[in-house]
Amino acid sequence: MIALQARRSHRVERIALLGLRIAAAIVILAMASLLLYLAFEGTKTFFVDRFSLFAFLFSPTFAVDSNHPGAAVFIVGTLAVTVFAIAIGGPFGIAVGIFLAEIAPTRMTHVLKPAIEVMVGIPSVVYGWLGLTLLVPLIRTHTTSPSGFGLAAAGIVLSIMILPTVITLSEDAFRSLPTSLKEGSLALGATRWQTITRVLLPSAASGLAVALILGIARAVGETLAIQMVIGNATQFPAGIFAPTASLTTEIVTDMPGATQGTLLEHALFSMAFLLLLIAMVLIVLVRLALRRRS
Amino acid sequence: MAVTAPSARSVAATGSVRARKITNAVATVILWVMASSIIVMLALFVLYMVYLGWHALTPAFLFGTPKETSAGGGIGPEIFNSFYILVLTLFFTVPTAVAAGVYLQEYARPGTFRSAVQFSAESLATIPSIVMGLFGLLVFVYLFRWHFSALGGALTLTLLNLPALMRVTQEALSSVPDTLREASMALGGTKWQTITRVVLPSAIGRLTTGIVLIAGRIFGETAALIFTAGLSVPYNNPYALDLINLPHETLAVHLWYTHSESIVPDVDRIGNGSALVLLIMVLLFNVAARVLGRQLTKRFTGRVS
């Protein structure tokens, strides 16, 4: 009887493990097929339409009618909004991360943490709508920008949207430091601020790098919130308030009208593949930073 | 002693005790102001959205059907579709992600397979949702020859949210103390019995909190759905349950579409109302996540977390 039961539970055990393995394998399968399929579809611009990779990356002329889909404007646009977002959201996020890990009393944490979770949950389109109804009119009335749409509006919206990522990860980075570091510094007579700037910040550097890299990843991939406020003009940003476009916004703007198999469609898939490659490079950078920590 | 000497000197070299204390106080105040500004900003956002949108929240708007060219359209089918696609997505995501998470946390030994799963999950987590949307377009619309559909949208969102839910599962499992596992094994439980009867019940509170928070994100997802679930609802069958033949525009997609593509005259009213409904849903999901998580933890473990 007992032997029978033991044999049965042994079989259950094996079936369960098989099921769990299959679920894990699905994750690999999903990522592999995504990578291969987008690589196949995203390189048709070069292998089917025979457009040069160099021109795709560096030509500022995006004219599919004359067979010339240069994506330099969108690449620069993505770069510009990302730099804008990380320049504001990065330091701000790290500062709040420090606050949460080192200064905030429990009561404050109980308010701030749920607030950050709500920020994560607010849909991208709602941020876009806020930018559209609040930020764009503000920029229009207070600057020389005629429409208010442009790089600055997109950058500001993005800098708010990446805050939760940067805050949470930099808080983790500080919390994972051994307390002996802090105690040692305080025991030597350093103030809390000196301890933070001279001991904790340098020690948490690799963790903070991870926070910033994942913030950048969020900014590069964000689509609708910035599409609603960036102005969607196929031109390099002439100034900080000038309208432009990014890789993601260009895909959303032109994909609905693109016919399957055309050069426009292929070029948009090439941009998606480029975004995928950027994401993977950032993941590798995160892994390098984490390896340095351990 | 030799190790501590340099830092002791650098601390002493920064000036008088008083100056250091002033710097410290100023820095503390600045950090307080920065952190508080996040709460203030969020509160202002919410108030502003309520101010803009509360006029729009009439029964005709919340339960009516959208209009293509004239004013007065509602968002009833869009709200329905958001929930429909959410349920479908969770149906696929929860079993897969929890199973994969259990595998990684409880079974997997270091090796190629585990590394491959982890690297795939991290990569999936970083891929922009618009790129995921285009992948969904390739697979479900071009390859499978489905139309824009509820199932296509839900499966795309499944891929998008698998990694986050796997992470939640792993974190929930890792919060269960090993002594519980050892006690179960010592009583003769097998590994699978230990996981299903001891570990998962202990982790259920945290797991539920995580699932509901992710559900909130699925509810508001837009970019991945534009090219998979579509930009409209069927005119003659707005509350369709069809899986692969009919477009299912969700509320978040509707907000974007109304603003950027449609020609109805009352864009502002629809946008303000939709944005407020989305915001209210996010707040409800956040509250529900906390309450449910706490209740379940208490129920299954007797602990109050």
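Biologist: Which hand does the crossing have where H4(A) passes H11(A)?
Modeller: Right-handed: that is how H4(A) passes H11(A). A crossing is left-handed if the near helix is turned anticlockwise from the far one by less than a right angle, and right-handed if clockwise. Helices here (H or I, at least four residues) and strands (E, at least two) are DSSP runs, numbered from the N terminus.

Biologist: Before we go on, what kind of model is this?
Modeller: This is a predicted model, where local features need pLDDT of at least 70 and side-chain atom pairs count only at pLDDT 80 or more, while totals for chains, interfaces and linings use all residues. Residues are numbered from 1 along each chain as its sequence is written, and chains are lettered from A and ligands numbered from 1 in the order in which they are written.

Biologist: Ok, back to the pair. At what angle do helix H4 of chain A and H11(A) cross?
Modeller: Roughly 140°, and the axes of helix H4 (residues 72-103) of chain A and H11(A) come within 9 Å. That makes H4(A) oblique to H11(A). Axes are lines fitted to C-alpha atoms, for helices over the stretch in contact, and angles run from 0 to 180 degrees between N-to-C directions. Under 35 degrees counts as roughly parallel, over 145 as roughly antiparallel, 65 to 115 as roughly perpendicular and the rest as oblique.

Biologist: Which residues make the contact of H4(A) with H11(A)?
Modeller: On H4(A), they include A:Ala85, A:Ile86, A:Gly89, A:Gly90 and A:Gly93; on H11(A), A:Leu208, A:Leu212 and A:Gly215 are among them. Contact is when the C-beta atoms of two residues, placed from the backbone, lie within 7 Å. The residues divide into 10 nonpolar, six polar and no charged. Ala, Val, Leu, Ile, Met, Phe, Trp, Tyr, Cys and Pro count as nonpolar, Asp, Glu, Lys and Arg as charged, and the others, Gly among them, as polar.

Biologist: And how far apart are the axes of helix H8 of chain A and helix H11 of chain A?
Modeller: 8 Å, with helix H8 (residues 163-175) of chain A and helix H11 (residues 205-221) of chain A packing at about 165°. H8(A) and H11(A) are therefore roughly antiparallel to each other. H8(A) also passes H11(A) in a right-handed crossing. By class, that contact has eight nonpolar, four polar and two charged residues.

Biologist: Changing topic: how many helices and strands does chain A have?
Modeller: 14 helices and two strands. Its C-alpha atoms fill a box of roughly 70 × 65 × 35 Å along the principal axes.

Biologist: What about the domains of chain A?
Modeller: Domain 1 is 2-42 and domain 2 is 53-293, with bounds from an automatic or database domain assignment. The contact takes four residues from domain 1 of chain A and five residues from domain 2 of chain A. The C-alpha centres of those two domains lie 35 Å apart.

Biologist: How is chain B divided?
Modeller: Into domain 1 (14-53) and domain 2 (59-301). Their C-alpha centres lie 34 Å apart, and five residues of domain 1 of chain B are in contact with five residues of domain 2 of chain B.

Biologist: Last one: how many residues does each chain put into the contact?
Modeller: Chain B puts in 70 residues and chain A 69 residues. Helix H2 (residues 17-53) of chain B gives the most to the side of chain B that touches chain A, with 15 residues. That side of chain B divides into 46 nonpolar, 19 polar and five charged.
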